[in-house]
Amino acid sequence: MMYSEFIEKTRYAESYMTHDDYTNYIEPVYLANSDDKEKFCKKFRKLFYNRVEAAEELMLRAKTLEEKEEYICGNNDIMADVDHAGKLLKKGFLKDLKKLYK
């Protein structure tokens with residue numbers, strides 16, 4: 001599967017799930033498995049949601065209304081902790097993808 005196909009099937013932005021992410025972590029796992037493109041991408045989305053996106057959602061819910069309003073008004077520093085944690089979660093997920101994808 002090509003990177004562009006992965007992006008199209010999973011609907012991640014190229015700026016979020018980069019070509020390096022795909023080449024270094026995702027593609028080797030895809031090539032080592034017998035799942036077709038559709039099944040692989042569907043499973044990847046589910047695993048990624050359960051391990052990364054759900055945690056990010058919890059962190060966002062923990063923010064107060066005032067913090068969310070400040071963010072909307074342009075104070076991006078308010079969400080820096082969530083952004084940093086999200087990047088760490090994503091990186092950890094990608095590094096563990098071989099173990100997770102069975």
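Let's start with who touches whom: among contacts in the chain with a separation of 6 or more, 63% are between residues 24 or more positions apart. Keep in mind as you look around that this is a predicted model. One example of a pair separated along the sequence is alanine 55 and leucine 89, which sit 34 residues apart in sequence, while their C-alpha atoms are 8.4 Å apart in space. Alanine 55 belongs to helix 3. With a relative accessible area of 25%, alanine 55 is partly exposed, because buried would require under 20%.

Now step back and take in the overall build. The chain has six helices and zero strands, so reading along the sequence gives you the pattern α-α-α-α-α-α. Picture a box drawn along the principal axes: the C-alpha atoms fill one of roughly 50 × 25 × 20 Å. The chain has 102 residues, and 31% of them count as buried.

Let's go inside next. The largest nonpolar core holds 20 residues, and the members that touch the most other members are Phe6, Met17, Ile26, Phe40, Phe44 and Phe93. Who supplies this core? At least two residues each come from helix 1 (3-10), helix 2 (19-31), helix 3 (37-62) and helix 5 (80-95). Helix 3 gives the most, contributing six residues.

If you ignore its neighbours within four places in sequence, phenylalanine 40 is in contact with Met1, Phe6, Ile26, Val29, Tyr30, Asp35 and Tyr101.

Take helix 2 and helix 3: their axes come within 11 Å and cross at roughly 130°. Is that parallel, perpendicular or oblique? An angle of 65 to 115 degrees would be roughly perpendicular, and one over 145 roughly antiparallel, so helix 2 and helix 3 are oblique to each other. The crossing of helix 2 past helix 3 is right-handed. On the helix 2 side, the contact is made by Ile26, Val29 and Tyr30, and on the helix 3 side by Lys37, Phe40 and Phe44. Sort these by class and you get five nonpolar residues, no polar ones and one charged.

Helix 2 has another partner to look at, helix 5. Here the axes come within 9 Å and cross at roughly 40°. Angles under 35 degrees count as roughly parallel, so this pair, too, ends up as oblique. Asp21, Tyr25 and Ile26 of helix 2 make the contact with Lys90, Lys91, Leu94 and Lys95 of helix 5. Notice Ile26, by the way: it takes part in the contact with helix 3 and in the contact with helix 5.

Finally, have a look at a loop. Between helix 1 and helix 2 you'll find arginine 11. What is phi for this residue, arginine 11? Phi is near 65°, a positive value in a residue other than glycine. That deserves a second glance because most residues other than glycine have a negative phi. Is arginine 11 buried or exposed? Its relative accessibility is 72%, so arginine 11 counts as exposed.

Note on methods
Residues numbered from 1 in each chain as written. Predicted model: local features only at pLDDT ≥ 70, side-chain atom pairs only at ≥ 80, totals over all residues. Heavy atoms only, no water. Core = buried A, V, L, I, M, F, W, Y, C linked by side-chain atoms within 4.5 Å. Buried < 20%, exposed > 50% of the residue type's maximum accessible area, 1.4 Å probe, protein only. Helix = DSSP H or I, 4+ residues; strand = E, 2+ residues; numbered from the N terminus. Contact = heavy atoms within 4.5 Å. Axes fitted to C-alpha atoms, helices over the stretch in contact; angles between N-to-C directions. Left-handed = near helix turned anticlockwise from the far one by under 90°. Nonpolar A, V, L, I, M, F, W, Y, C, P; charged D, E, K, R; others polar.
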